[in-house]
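This report covers one protein model, taken region by region. Please keep the sequence and the coordinates at hand while reading.

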Amino acid sequence: MSSGSALPHQLTADVAKINIDTSSASGQSRGTQSDISKMKLEADGSFKRKASTFRDSISLDGEFTPDKGRYHLYVSYACPWATRTLIVRKLKGLEDFIGVSVVSPHMGSDGWPFASVDPFPAADVDPLHDSKHVKDLYFKVQPDYSGRFTVPVLWDKKQSTIVNNESSEIIRMFNTAFNHLLPKDKAEIDIYPEAHRAEIDEINDWVYDTVNNGVYKSGFATTQSAYEAAVVPLFNSLDRLEKILTGKDYLVGDQLTEADIRLFVTIVRFDPVYVGHFKCNIRTIRDGYPAIHLWMRKLYWNKPEFKDTCNFEHIKTHYYWSHTTINPHRIVPKGPVPDILPL
């Protein structure tokens, strides 16, 4: 999948507050780096997500300055971590500042492919290097790289290197780093407002562990005990979120924050993928959690930043095609119909 949590442009003050939720593993053979079917689990059959590798930031006084057209974002529509960055890029009006390339959802033995080798609908070629796979970008920067080849990748065209592959750090950079170059209405959008940071950080912490990553811990578990140790806390947290969102449009205060964005990308995939594929089937969102379901649909149908960055064909194809240890015949289910219900 992708990477998962931590730094902003306002680095020094915020670093200590950010929880790291990522998906790059290290110290692996070349085969396990790119082939998710060869992913190593813990001795007890549980899935532990490793930290991202590239952790630089965009800042006015740093090595990577916020210049229009300097950066390129490599993403997958299928990946919830990468989708975070697409939502914030659009929300902040950064489309003309940061280009985007979308990989094919067919993550096979070589990892994420570009359209040049797998021309899936809505997938792109790599316009900068004509790479065949995302792993080519990693090896271009670091020939001895030993981690996993994840998205998102924030690429610096000036130095031809990876700035960052940690989604929650990237979204905080996007939130503030380019504000001085943006129109007033976009610059004033703040998904990590200072007055609510403590509450946002607190929610992010347990939502990441039990929900964002909880679905993966449930799905990739290879023992009954590891599965139950993940799926029960997952639904306990959904119960908790249901109470928080009852009568509310947003998780924190009365405004959209990164807490909503980070939760949305998991919830919108829940019924189409996680219920069946990852065995997260104690309840569905549409039938078991009316407040969460309404919150998700309001974001999707009322805010184009959410709807326009959500591609259910990529989402369902990726999970059911790529995870052959879970779904060896790569059969993609037809349902649920529709993927998301109307308001």
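In which helix does Trp301 lie? Trp301 belongs to helix H12, residues 290-302.

## Basis of the values

This is a predicted model, in which local features need pLDDT of at least 70 and side-chain atom pairs count only at pLDDT 80 or more, while totals for chains, interfaces and linings use all residues. Residues are numbered from 1 along each chain as its sequence is written, and side-chain values use heavy atoms, with hydrogens and water left out.

Helices (H or I, at least four residues) and strands (E, at least two) are DSSP runs, numbered from the N terminus.

## A nonpolar surface patch

Trp301 is partly exposed because its relative accessibility is 37%. The classes are buried for under 20% relative accessible area, exposed for over 50%, and partly exposed in between (1.4 Å probe, protein chains only).

Together with Leu294 and Leu343, Trp301 makes up a nonpolar patch on the surface, and the accessible area of the three is about 280 Å². Patches are made of residues with over 30% relative accessible area and no salt bridge; like charges are joined within 9 Å, and nonpolar side chains (Val, Leu, Ile, Met, Phe, Trp, Tyr) within 5 Å. Accessible areas come from the Shrake-Rupley method with a 1.4 Å probe, and for residues only the protein chains shown count as cover.

## The four-stranded sheet

An open sheet is formed by four strands in the order S2-S1-S3-S4, with mixed pairing. Strands S2 (98-102) and S4 (161-164) stand at the edges with a single partner strand each, so one side of each has no neighbour in the sheet. Neighbouring strands are turned against each other by 35° on average, direction ignored. Two strands count as paired if DSSP finds at least two bridges between them. Strands of a sheet pair through backbone hydrogen bonds, either parallel or antiparallel.

Strand S3 (residues 153-156) pairs with S4 in the antiparallel sense over three bridges. Helix H3 (residues 80-91) packs on the sheet, where it touches strand S1 (71-75) and S2, and its direction makes about 135° with that of S1. Such angles run from 0 to 180 degrees between N-to-C directions, with axes being lines fitted to C-alpha atoms, for helices over the stretch in contact.

## Salt bridges

The structure holds 15 salt bridges, each defined as a side-chain nitrogen of Lys or Arg within 4 Å of a carboxyl oxygen of Asp or Glu. One of them joins Arg70 and Asp156, at 2.7 Å from N to O. Arg70 is in the loop between helix H2 (30-34) and S1, and Asp156 is in strand S3, so the pair ties together parts that are 86 residues apart in sequence. Both residues count as buried: Arg70 because its relative accessibility is 6%, and Asp156 because its value is 0%.

Another salt bridge is that of Asp110 and Lys135, whose closest N and O atoms are 2.8 Å apart. Asp110 is in the loop between S2 and helix H4 (134-141) and Lys135 is in helix H4, 25 residues apart, and the pair links these distant parts of the chain. Asp110 is partly exposed at 33% relative accessibility, whereas Lys135 is buried at 18%. Asp209 is partly exposed, at 37% relative accessibility.

Val134 is located in helix H4 and is buried, with a relative accessible area of 0%. Leaving aside neighbours within four places in sequence, Val134 is in contact (heavy atoms within 4.5 Å) with Val103, Trp112, Phe114, Phe149, Thr150, Val151 and Val153. The C-alpha atoms of Val134 and Gly111 are separated by 7.0 Å, and these residues are 23 residues apart along the chain.

Val265 sits in helix H10 (residues 258-277) and is buried, with a relative accessible area of 2%. Not counting residues up to four places away in sequence, Val265 touches Pro80, Thr83, Arg84 and Ile87. From Val265 to Ile87, 178 residues apart along the chain, the C-alpha separation is 9.5 Å.
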